[in-house]
Structure formats: structure tokens, C-alpha cells
Amino acid sequence: MTLLASRLSRIHPSPTLAMTARAAELKAQGQDIISLSAGEPDFATPDYVKEAAVRAIADEVTRYTAVEGLLGLRKVIQQKFAWDNGLAFEVDQIIVGNGAKQVIFNALLATVDEGDEVIIPTPYWVSYPDMVHVCSGTSVFVACSEAQQFKLTPAALEAAITPKTKWLILNSPNNPTGAVYQEAELKALAEVLMRYPHVSILSDDIYEYLVYDQTSFTTLATVAPALQDRILTVNGVSKSYSMTGWRIGYGAGPKSLIKAMTMVQSHSTSNACSISQVATITALTGPQDFLKVWVNTFQKRRNLALDLINATPGLSCLKPDGAFYLYINCAGVLGKVSPEGRTIHTDNDFTLYLLEKAGLASVSGDAFGLSPYIRISYALETDRLQESCYRIQKVVAELR
Ligand SMILES: Cc1ncc(COP(=O)(O)O)c(C=O)c1O
């Protein structure tokens, strides 16, 4: 008998680990390594949120809270859904967890049995498949090509649904592509879903506020009210409020599902941090004007990086409408040879080349289920981002 459970054989270590380890090694040798792999904004958490947390400590809000979260916070989340999304939830349709990640994990643990299928449009956020596999479910990957702007089409969705389908996971704005589903596109998917009442939908809206130009955000529960009793809408403060370390995410959906998720959470972490919950009340109800500034900054950085990447022979990138990533097509560099004589066969080889030659840590499309691409994050200072793009241009030009 081995110590490790068999479920561990179904999951993979984080695909970025090797890259992170090599980047740390080079950094330790004194090299100037720029990380383009960050999944979090580089801005500081707003001061008014930090001050609320300090007050919460002084006020002794330092004990267990209800597993599903402080009533005061769930009321604020209820309001947020009403104002932003036109969705009416009762407070017992809302759960607060340690990040959107735990909320999603709770939902899958509470619902996925061995052999149940979860449809995951590809490319995907790296954690979805492994979470499904820990729950003994089966991931059904549906490729969403660049030609389709990396979005799921109704025909592809319908072809993937079987009697065993339990969930469809939608993520908009998307990590890693930045694709944002528009109302008509969601309505077309909803039409298919109406025909399959056994399929529930998890809508991961964590990048909701990070949309650019005239792009508008909407979510499936808003555009398809008839599906509302089958949708879990997930959101949180990590990305939009620069609060990744505070670990607050939330989900809203059918009462029975929320109750089951609460039970799962009650036996794992209990409540999310009481202090972070109070800070989140303040984040969601306080002045939101910083958001405009952040979105503007992200948009400028996106444009800067996009122009430089698209001016690099061998690379190309669709303009992403949201989040803070570029998903760069690197098909044009495959088969080329480095000055040291090493051939770039895969996107993974390309990320290693960028690390060794340009001192840039990025993530290969392989990790997100769609090659040949690399993902870079533009959540870093503008001059460092610009410097990174120049480095990419230089080392790509050295390939033969
Ligand atoms: C698409 C997506 N969903 C969920 C999460 C998790 O967010 P949280 O920090 O709230 O757990 C991330 C974080 O990278 C993400 O990219």
C-alpha cells in the first residue's frame, strides 16, 4: 500500500512550476528576470479596504463566522448582483469562500460523481481540469480556436453534451485569452442548454470589471433567466480589487446547491477569514473610482504590448477584450533554430528560450490546453512591460 491516494495520480503539478523554478534559479544567479506569468494585478489594495481590515481587527471581528460568510457581506453581494447584473438572489443563495477557487472546488466536490462529465472550453484556466479529476469526474475538452475568437460555439457545445454531462464551465472575461462573451453569443449557448435540462452551468466571472474599449460585460444568468436555477455564478475581489491574498470569492445559485457547498466547506476551511470578509464589505460598497484608473492603465498596457507583439515577425495576437493577458500565437517561430543550435519544436521550448535568452518568464499554451501559444500577463509596470516586449522582439529576430 502506498501513502498517496490514487486520486493524486489523476492530477498534475502546476504546469508553471518548472518555469518558476528555473526563473528563480536564474534570478539567484543575478540575472534580471521579468515575470510575465503573474495572475494578479500589480496595484496595491485600495487604502480604504486596508483601513477597514485594521478596524475589523481592533473591533475583534476575529472569530469564526457563519461557514457561508457574514450575513452583512452576503447582503452586500446580493446588492452587487442586483446592481451590476440585474440578478435577484436571496441571501441563502450566496456563499463566501476562500477565493473563487474554493467556491468552484466546493461546487464540484458537492456535485461530481465518478464518471460525471464536465465540459471545459479550451483554452482554460489551469485549475478546472485538475479540480474535476480530484472529484473523479471526467473533463470533456472542447477546442475553441483562434478563428472563433477562442469562444465556444453552440454547435461545439451541443456536440459535447452527453447523458453524463453534469456541468459546463464558462469563463468570461477569459483566462488565458481575454475573450469576452457578448449577449448574443451567450443567448445562442443558452438556447442549446435549454434543450438539456440535466446540464448545470458554472459561470466564472472573476474578471468582470476588467473589460476594455466599448466591450460590455454580461453573464449567462442575466441573459438567460430561464436557466437561472441551473447556474452557479462565481465572482470575487481578487482581480478587480487587487485582493488576491485576502482570499475572498463568492458564488450565487440554487439554494440546494449552495447548501451542499456550505456543507463541504464546513468540513474543510469553515469560513473565509473574518477580517477579509469585513474588508470585502468595504471594497464592494466604498468608492469605486480607482477601478476606472486601473482599467485605463491595463488598456494602455494591453495596446502597447499588442502593437509590439504584432510587429514581431513569427508572432501574432488577437486583441483581447478583457482580463490582463495576451495569448500569443507562436506558430511562426516553431521549427526555427536558436543561435546555440537548439530547435524550437513546441510552445514550451519557446517559453524556455524566452527565459534563457531574454530573461522572461511566461507560460506555454500547453498549460492551458491549446498550443502553440504563450500567455503573457500585462499586470506589471508599463516600462517593464515595454522592456519585455523589446526583449521578445530581439531574441525572436535572432532565430533562424
Ligand atoms: C479564471 C479564474 N478563475 C478563478 C481564479 C481564482 O481566483 P481567486 O483568487 O479568487 O481564488 C483565477 C485566478 O487566477 C482565475 O484566473
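**Second largest cavity.** I sorted the lining of the second largest cavity by class and got 5 nonpolar, 5 polar and 1 charged residues. For the classes, I count Ala, Val, Leu, Ile, Met, Phe, Trp, Tyr, Cys and Pro as nonpolar, Asp, Glu, Lys and Arg as charged, and the others, Gly among them, as polar. The lining residues include Leu170, Asn171, Asp205 and Phe217. This cavity holds about 60 Å³ of space.

My terms here: on a 1 Å grid over the protein atoms alone, a cavity is a set of points where a 1.4 Å probe fits but cannot get out, a pocket is an open set with protein on both sides within 12 Å along at least five of seven lines, and lining residues have an atom within 4 Å of a point. Grid points are joined across faces, edges and corners, and a volume is the space filled by probe spheres set on the points.

**Ground rules.** I am reading a predicted model, where local features need pLDDT of at least 70 and side-chain atom pairs count only at pLDDT 80 or more, while totals for chains, interfaces and linings use all residues. Residues are numbered from 1 along each chain as its sequence is written, and side-chain values use heavy atoms, with hydrogens and water left out.

**Largest cavity.** How many cavities of 30 Å³ or more does the structure hold? I found 2. The largest has a volume of about 80 Å³. Among the residues lining the largest cavity are Pro121, Pro123, Trp125, Cys144 and Asn171. By class, that lining has 10 nonpolar, 2 polar and no charged residues. Strand S5 (residues 165-171) gives the largest share, 3 residues. Helices (H or I, at least four residues) and strands (E, at least two) are DSSP runs, numbered from the N terminus.

**Largest pocket.** I noted about 920 Å³ of space in the largest pocket. It has 44 lining residues, and Lys101, Trp125, Val126, Ser127 and Asn175 lie nearest its centre. Helix H1 (17-28), H4 and helix H5 (127-134) each supply at least two lining residues. The class count for this lining is 21 nonpolar, 14 polar and 9 charged.

**Helix H5.** Is H5 enclosed or open? I found 7 of its 8 residues buried, so H5 is largely enclosed by the rest of the structure. Buried means under 20% relative accessible area, exposed over 50%, and partly exposed in between (1.4 Å probe, protein chains only). The buried residues of H5 include Tyr128, Met131 and His133. They pack against H4, S3, strand S4 (138-143), S5 and S6; contact here means heavy atoms within 4.5 Å.

Most residues other than glycine have a negative phi, and most peptide bonds are trans. I went looking for exceptions. Just after H5, Ser136 takes a positive phi of about 65°. Glu60, in the loop between helix H2 (47-58) and helix H3 (71-85), has a positive phi near 65°. The peptide bond from Thr122 to Pro123 is cis, with omega near 5°, and Pro123 sits in the loop between strand S3 (117-122) and H5. Another cis bond runs from Asn175 to Pro176, with omega near 25°. Pro176 belongs to the loop between S5 and helix H7 (183-194).

**One loop, two residues.** Asp213 lies in the loop between strand S6 (200-204) and helix H8 (220-223), and its phi is positive, about 55°. At 36% relative accessible area, Asp213 is partly exposed. Glu208 also lies between S6 and H8, but at 6% relative accessibility Glu208 counts as buried. Not counting residues up to four places away in sequence, Glu208 touches Lys80, Asp84, Asn85, Pro173, Phe217 and Asn235.

**Helix H9.** I checked the length of H9 (residues 255-266): its 12 residues should span 16 Å at 1.5 Å a residue, and the end C-alpha atoms are 16 Å apart, which agrees. The expected span is 1.5 Å times one less than the number of residues. Buried residues of H9 are Leu257, Ile258, Met261, Thr262 and Gln265. They cover an arc of only 140° around the axis, which puts them on the same side of H9; the arc is that of the directions from the helix axis to the C-beta atoms. The face turned away from that buried side carries the exposed Ser256, Lys259 and Met263. Cover for the buried residues of H9 includes strand S2 (94-97), helix H4 (99-111) and strand S7 (231-236).
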